[in-house]
Amino acid sequence: MSPLNILFAASEAQPLIKTGGLADVVGSLPVALSHFGHDVRVVLPGYPQAIERARPLHPVATLQIPGSLEPVRILEGWMGERTRIYLVDAPGLFDRPGNPYTNASGSDWEDNPERFALFCRAIVAIALGHAGLNWRPDLIHCNDWQTGLVPALLASEGNRPATLFTIHNLAYQGVFPRSVFDRIRLPKSLWAPKGLEFHQNFSFIKGGLAFADWITAVSPTYAREILTPEFGYGLEGLLRHRTDRFKGILNGIDYQEWDPASDPALPQHYDADTFDLKKINKLKLQQELGLPQDENAFLLGHIGRLVEQKGVDLILGILPGLVKQQNVQLVLLGSGDPKLERALRMVAAEHPERISAYIGYDEPLAHRVEAGCDCFLMPSRFEPCGLNQLYSLRYGTVPIVHRTGGLADTVVDATPRNLLDDTATGFVFSTPDQHALWRAVERAIEFHKRPPVWWEKLAVNGMKQNFSWDTSARHYQEIYWQAINAPAPNPLTTVTVE
Ligand code: ADP
Ligand code: GLC
């Protein structure tokens, strides 16, 4: 098979702009794919942070996009040293403070549908060779609802590239009232139950799910879960209809950026052979976050967006029991829901000797928490893949996780049998409630009291797992070829015989 031109479309990418794991994937999967010889480029909205960090940039095209009052420039630059990037420069829509989706006080930008519709239309122009870039993709790899209109707008085009739509989180769908559909002047034909209509509303994500040649979700278990009403949010029927072109592929992680043996954010490097040195990171982290320095303390950590999905309320629920335990400490790093932010600040103020809460977003601190803790808490109610448990495994920080989505696919419970045959890597519990979480934490605390070689064995088992991109990137490559060789029919022009 010959090398492909692939355009990766997403609303965030590390190291330019990041709110969560999507950015990590968009920062690292293109690099892994380029190792197979493909020419992979990324397209992002021209947020100020991205423009700042991708310098030097130069304009390569100017587009007139329906609905845009100003001409839209395409700026070309590099993401790190490794990936060529296009930024869609529409200052009226993207040059603002805040993050890609919300203003500084955390509310969604009201014109999000306009912003991401314009982004999708610019991608379509590149896809069809209308931007004059002298480069045309064979496939557009779309990610999450912000890119959902791309497969829908391309489906009726003759000489179009193939499309793949990856679901990173089905809880975010980009659903707006019908009036928004009219306002952004999409082709009227797309307003149909088989198109972008979703219970009389307008759904961006349906553009991906109904029209893409192929669909993936970010872990095999999550791909199965979203075929059920519990996790499918009303889209399970459409996904079931598309199962012959739908697959779960586990995310990988960037083994260069997340490597305890060379991570520039860490006070002390270590690896599986020098595991003992990890405790220096614990002492330094305790010092940095104002906890009593004690290498024998059992240090639990949690990092994440403070939203219902992540189960931070379950962590809050187990705190009364936790602080009664001898010599157990907890560090929390996160931002999001103001109520949860307040609650974390309060518990930390009540138990300054035991709990430290850092409210905010701090990438280097996230690395130090991963390195300094003994255990990482991830009681997510659902988790499409989850990257923090993978970083934890890599850093010898034993994950405690709810058995769901990608967490179920990546962490092996420390049952006596799994410990015996050396497959155990963490503590897994089955129901997302605080009692089950507490029992798992108790198991971890008890296990930590055994001779230290036991704990080291468990942690080092995790460190030896391979969650690099190699295997998953190969799976994506196979799907790219299938999508290119056998495009899906346009659902709006296909007559189905029941
Ligand atoms: P999600 O994408 O649902 O937020 P993931 O586990 O896939 O969950 O990825 C989360 C990513 O965001 C990780 O790289 C994590 O370290 C990072 N992250 C989340 N919150 C913070 C924070 N407050 N400070 C630093 N990094 C954070
Ligand atoms: C989403 C999911 C998370 C996943 C990430 C990257 O934000 O919530 O589970 O790891 O995307 O795919």
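In the predicted model, ligand 1 is surrounded by 21 residues, and the closest of these are Gly-21, Asp-24, Arg-305, Lys-310 and Gly-360. A polar backbone atom of Gly-21 is placed 2.6 Å from an oxygen atom of ligand 1, and a polar side-chain atom of Asp-24 is 2.8 Å from an oxygen atom of ligand 1. On its own, ligand 1 has 560 Å² of accessible area, of which the protein covers 94%.

Two or more residues of the shell around ligand 1 come from each of helix H1 (21-34), strand E13 (298-306), strand E14 (328-336), helix H14 (363-372) and helix H15 (388-394). Strand E13 contributes the most, with three residues. By residue class, the shell around ligand 1 consists of seven nonpolar, seven polar and seven charged residues. Domain 1 (5-252 + 470-485) and domain 2 (272-465) each provide at least three residues to this shell.

For ligand 2, the shell comprises 14 residues, with His-168, Asn-251, Glu-383, Cys-385 and Gly-386 coming nearest. Side chains supply polar contacts to oxygen atoms of this ligand. An N or O atom in the side chain of His-168 is 2.6 Å from an oxygen atom of ligand 2; for the side chain of Asn-251, the corresponding separation is 2.8 Å. A polar side-chain atom of Gln-309 is found 3.3 Å from an oxygen atom of ligand 2. The protein covers 93% of the 310 Å² of accessible area that ligand 2 has on its own.

Helix H1 gives the largest share of the shell around ligand 2, three residues. This shell is made up of six nonpolar, six polar and two charged residues. Ligand 2 lies between domain 1 and domain 2, because both domains give residues to its shell.

The two domains into which the protein is divided, domain 1 (5-252 + 470-485) and domain 2 (272-465), have C-alpha centres 33 Å apart. Contact between them involves 20 residues of domain 1 and 18 residues of domain 2. About 1400 Å² is buried between the domains, with carbon and sulfur atoms giving 55% of this area. Of the area that domain 1 buries against domain 2, 24% is supplied by Lys-18, Thr-221 and Leu-250, more than by any other three residues.

How values were computed. Residues numbered from 1 in each chain as written. Chains lettered and ligands numbered in written order. Predicted model: local features only at pLDDT ≥ 70, side-chain atom pairs only at ≥ 80, totals over all residues. Heavy atoms only, no water. Near = heavy atom within 4 Å. Polar contact = N/O pair within 3.5 Å; in protein donor to acceptor, adjacent residues only side chain to side chain. Areas by Shrake-Rupley, 256 points an atom, 1.4 Å probe, with all protein chains shown as cover. Helix = DSSP H or I, 4+ residues; strand = E, 2+ residues; numbered from the N terminus. Nonpolar A, V, L, I, M, F, W, Y, C, P; charged D, E, K, R; others polar. Domains from an automatic or database assignment. Contact = heavy atoms within 4.5 Å. Buried area = accessible area lost by both parts, 1.4 Å probe.
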